[in-house]
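Keep it short and sorted by topic.

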Amino acid sequence: MARIAVLTGGSTPERTVALAGAAKVSAALRARGHDVTVFDTIEPGPLDTELERQRLGRAVGARPPSLAELRELEAREDLPALVAGDLGSHDAVFLVLHGRQGEGGEVQELLEAAGIAFTGSDSRSSRLAMDKDESKRRFREGGIPTPDWACWPAGQAEIEELGLPLIVKPSRVGSTVGLSLMSDPTELDAAVGKALTFDDRVILERFLAGREYTVGVLEDEPLGVGEIISPDVIFDFHSKYTPGRAQELFPAEIDEALQSRFRELARAAHEALALRDFSRVDFRLDAKGSPYCLEVNTLPGMTPTSLLPQSAAVFGISFEDLCDRMIRLALARSA
């Protein structure tokens with residue numbers, strides 16, 4: 001039995017997603033005999049049983065927290081103090097955090113400096129994967145197809161070359177927060193302004209109207225391919241976290257050749273960013289049915305119905321098995 005700290009919450013737009021995942025992860029780890037304590041990054045110490053039940057029992061909701069709520073949470077948060085305090089008495093930390101704070105290398109760097117083992121990729125690779133511009137450059141260098149893009153501010157010629165419709169999104173935010181699908185040039189200023197609300201780096205990306213797929217990676221091996229069918233043009237926060245709104249098919253109903261191609265590209269993207277242990281790689285098809293890599297998630301959602309666990313289930317890996325394997329990979333680094 002290991003002493004595990006589950007670190008969750010955060011002050012990013014994906015806070016409620018993290019809390020929902022932490023509820024399931026902590027239950028799974030306890031079912032496997034681990035001694036689990038849950039920490040919310042905005043609190044100075046561990047959550048007691050009642051506070052854990054109340055906080056982790058909330059639904060994700062169809063919208064992220066407001067900017068005012070996030071600023072209030074950020075003012076209460078002290079990650080360095082939390083890492084320097086209670087976390088060090090545990091054998092490893094299971095990270096259930098999203099957004100730049102959780103996936104962008106910030107907490108990983110603090111844990112590395114303190115010598116504390118944690119789940120997922122190291123700080124350098126996490127930072128690289130979180131930055132959509134930098135990660136897409138690595139994809140191109142590795143021969144991995146990815147939609148054409150430009151960084152804002154972009155010239156008129158660059159924008160015209162990308163064409164319409166056009167995706168405008170923050171470079172270092174997840175769950176499509178701050179993302180817009182722009183179909184008219186007059187919408188550009190509003191779309192960029194929306195993205196800049198969440199990040200000072202913004203990218204413009206060619207929109208591919210084809211079907212959307214995702215592939216999990218565990219212990220550096222690709223898992224099952226899933227297809228996401230959304231009633232909306234974009235699989236956005238509302239579509240992702242409103243029960244019943246989107247359909248997720250695992251395994252995807254596609255031929256073996258396309259499944260193999262997705263899995264091959266997922267492995268290549270994971271390796272191109274020098275990730276470790278696990279990730280989730282998202283794709284879209286172009287008009288000719290060829291897959292293009294959109295991005296890689298280093299700390300994917302972690303409820304039994306999240307995409308990585310569903311991808312693992314295709315290979316017969318239960319949610320409890322998945323959580324246990326993830327924490328054992330971290331524990332092995334601390335041995």
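L258 sits in helix α12; helices are DSSP runs of H or I with at least four residues, strands are runs of E with at least two, and both are numbered from the N terminus. The model is predicted: local features need pLDDT of at least 70, side-chain atom pairs count only at pLDDT 80 or more, and totals for chains, interfaces and linings use all residues. Residues are numbered from 1 along each chain as its sequence is written, and side-chain values use heavy atoms, with hydrogens and water left out.

**L258**
- L258 is buried, at a relative accessible area of 17%. Buried means under 20% relative accessible area, exposed over 50%, and partly exposed in between (1.4 Å probe, protein chains only).
- L258 touches G289 and P291, not counting residues up to four places away in sequence. Contact means heavy atoms within 4.5 Å.
- L258 and S290 lie 32 residues apart in sequence, but 8.7 Å apart in space, C-alpha to C-alpha.

**Helix α12**
- The helix covers residues 256–272, 17 residues in total. From first C-alpha to last, α12 reaches 24 Å, close to the 24 Å expected at 1.5 Å a residue. The expected span is 1.5 Å times one less than the number of residues.
- Its buried residues are L258, F262, L265, A266, A269 and H270. They cover an arc of only 135° around the axis, so they are on the same side of α12. The arc is taken from the directions between the helix axis and the C-beta atoms.
- The face turned away from that buried side carries the exposed residues E256, A257 and E271.
- Cover for the buried residues includes α8 (132–141), β8 (212–218), β9 (221–229), β11 (278–285) and β12 (291–297).
- At the start of α12, a side-chain oxygen of D255 comes within 3.2 Å of the backbone nitrogen of A257.
- Just after α12, A274 has a positive phi of about 55°.

**T8**
- T8 belongs to strand β1 (residues 3–8).
- T8 is buried, with a relative accessible area of 0%.
- Leaving aside neighbours within four places in sequence, the contacts of T8 include A18, L19, V38, D40, L56 and V96.

**Second largest pocket**
- Its volume is about 450 Å³, counted as the space filled by probe spheres set on grid points joined across faces, edges and corners.
- A pocket is an open set of points on a 1 Å grid over the protein atoms alone, where a 1.4 Å probe fits, with protein on both sides within 12 Å along at least five of seven lines; lining residues have an atom within 4 Å of a point.
- Of the 16 lining residues, S11, T12, P13, E74 and F198 are the closest to the centre.
- α3 gives the most to this lining, with four residues.

Methods: Polar contact = N/O pair within 3.5 Å; in protein donor to acceptor, adjacent residues only side chain to side chain.
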